[in-house]
Amino acid sequence: MSGERGRVLLAVCGGIAAYKACEVLRGLQKAGCEVRVTMTEDATRFVGPATFAALSGAPVATSLFEYPGSAIPHIELAEWANAAVVVPATANVLAKLACGIADDCLTTTLLACACPVLVAPGMNVHMWQNPATQANVGTLRARGVCLVGPDSGRLACGDVGEGKLATVDEIVGAALALLSPRDLVGRRVLVNAGPTHEAIDPVRYIANRSTGKMGYAIADAAARRGAEVTLVSGPTALATPAGVRRIDVESAAQMHDAMLAAFEDADVAICSAAVADYTPAAPADHKLKKSREHLDAIQLTETADILADLCAAKGSRIVVGFAAETDDLIAYAREKLARKGADLIVANDVSRPESTFGADTNRVALVSAEGVEQLETMPLADVANAILDWIARRA
Ligand code: CTP
């Protein structure tokens with residue numbers, strides 16, 4: 001278990017959704033977290049500790065008095081954790097946390113935790129809506145405990161309503177947010193992403209292979225690190241990252257206007273969009289019938305260079321561009337750095353499968369006036385954070 005993303009204490013309580021905690025554990029590990037588990041006695045009746053021990057690769061703390069290798073497991077685990085996640089948070093455990101009751105290993109460990117705590121409630125709708133539970137949740141929130149869910153839907157008891165455990169992705173995402181450094185609080189980050197669509201007529205357009213994943217990962221990571229993020233997005237199929245203000249555009253011209261307007265209120269701009277370099281000079285306002293004549297009449301004109309225009313207006317602000325190349329990566333990136341006047345060019349070789357359009361990984365070099373930093377192939381979220389680290393060191 002590498003744990004490069006952080007150490008998470010998973011606190012599993014006795015609700016039917018306890019089995020989902022196994023998937024949460026896996027999701028956290030996949031994201032690069034090391035996970036250890038504490039369970040209530042009731043939780044062990046739903047899922048055996050052996051399952052969590054095998055998945056986490058560490059003993060599960062179910063008792064204050066029997067934990068291999070430690071005489072004081074609650075303190076050791078509390079000090080070890082960078083974040084604690086309670087899944088499913090039952091009405092009983094929420095009540096104990098609100099009152100500071102520590103009558104078993106799980107609640108004692110949570111009381112000893114100084115790290116951020118996330119609770120993911122899962123229970124019957126009436127238990128959730130009970131004023132006692134609501135008051136307890138209010139108390140916990142006021143103390144800075146984070147909450148994810150519950151969702152609405154069909155509950156295990158057959159009732160329909162609020163109380164359903166949040167999805168595994170939501171819980172993992174919220175837990176990762178607790179682990180991110182909050183080093184961009186107060187910074188306003190502007191990002192563009194995706195392709196642009198350049199209209200030939202109302203039906204047809206010229207586009208490129210960009211999916212927008214890289215830019216969305218940057219917007220997501222910046223928001224997690226506390227920045228105020230505006231994402232100007234070309235057409236994509238991606239969901240808006242939590243806490244990000246998204247402005248949808250289609251064409252290079254629209255993206256240009258949206259970016260220059262938004263840059264007035266930004267400290268940093270990151271241009272990851274694959275903006276079309278050329279656009280039809282005179283798009284038809286009606287659908288063109290297929291004909292050689294229409295084809296020959298399509299004239300292309302160069303689009304405005306958003307990155308160059310932002311650089312011209314940037315003053316002391318930081319502007320980052322991308323260079324997608326298939327050969328002579330570093331030489332072209334250096335040339336772009338100089339020609340556009342950017343602070344950093346993120347160069348990637350799109351001829352390689354791990355860094356091509358649509359991939360979930362990227363292998364980039366950070367090219368700046370200070371030199372070239374070649375990064376390993378890594379998930380897009382890590383590439384995003386490496387770019388933000390570069391910015392955070394200078395902003
Ligand atoms: N870019 C932009 N506006 C454009 C075109 C590109 O802001 N109209 C930005 C992209 O978002 C990216 C960088 O410029 O950050 C890429 O540089 P670009 O000149 O587009 O690269 P190529 O099109 O590959 O150019 P060349 O063929 O000259 O290498």
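**Helix packing and sheet architecture**

The crossing of helices H11 and H13 is right-handed, a term applied when the near helix is turned clockwise from the far one by less than a right angle. The model is predicted, with local features requiring pLDDT of at least 70 and side-chain atom pairs pLDDT 80 or more, whereas totals for chains, interfaces and linings use all residues. Residues are numbered from 1 along each chain as its sequence is written, and side-chain values use heavy atoms, without hydrogens and water.

Helix H11 (residues 252–263) packs with helix H13 (residues 306–313) at an angle of about 20°, and their axes are 10 Å apart. Helices (H or I, at least four residues) and strands (E, at least two) are DSSP runs numbered from the N terminus; axes are lines fitted to C-alpha atoms, for helices over the stretch in contact, with angles from 0 to 180 degrees between N-to-C directions. H11 is therefore roughly parallel to H13 (angles under 35 degrees). Contact (heavy atoms within 4.5 Å) involves Ala252, Met255, His256, Met259, Leu260 and Phe263 of H11, together with Ile306, Asp309, Leu310 and Ala313 of H13.

Five strands form an open sheet with parallel pairing, in the order S2-S1-S3-S4-S5; pairing requires at least two DSSP bridges between two strands. Strands S2 (33–39) and S5 (146–147) are the edge strands, each pairing on one side only. Helix H1 (residues 20–30) packs on the sheet and touches strands S1 (6–12), S2 and S3 (83–89), its direction making about 155° with that of S2. Helix H3 (residues 49–56) lies across S1 and S2, at about 165° to S2.

Key
Parallel < 35°, antiparallel > 145°, perpendicular 65-115°, else oblique.
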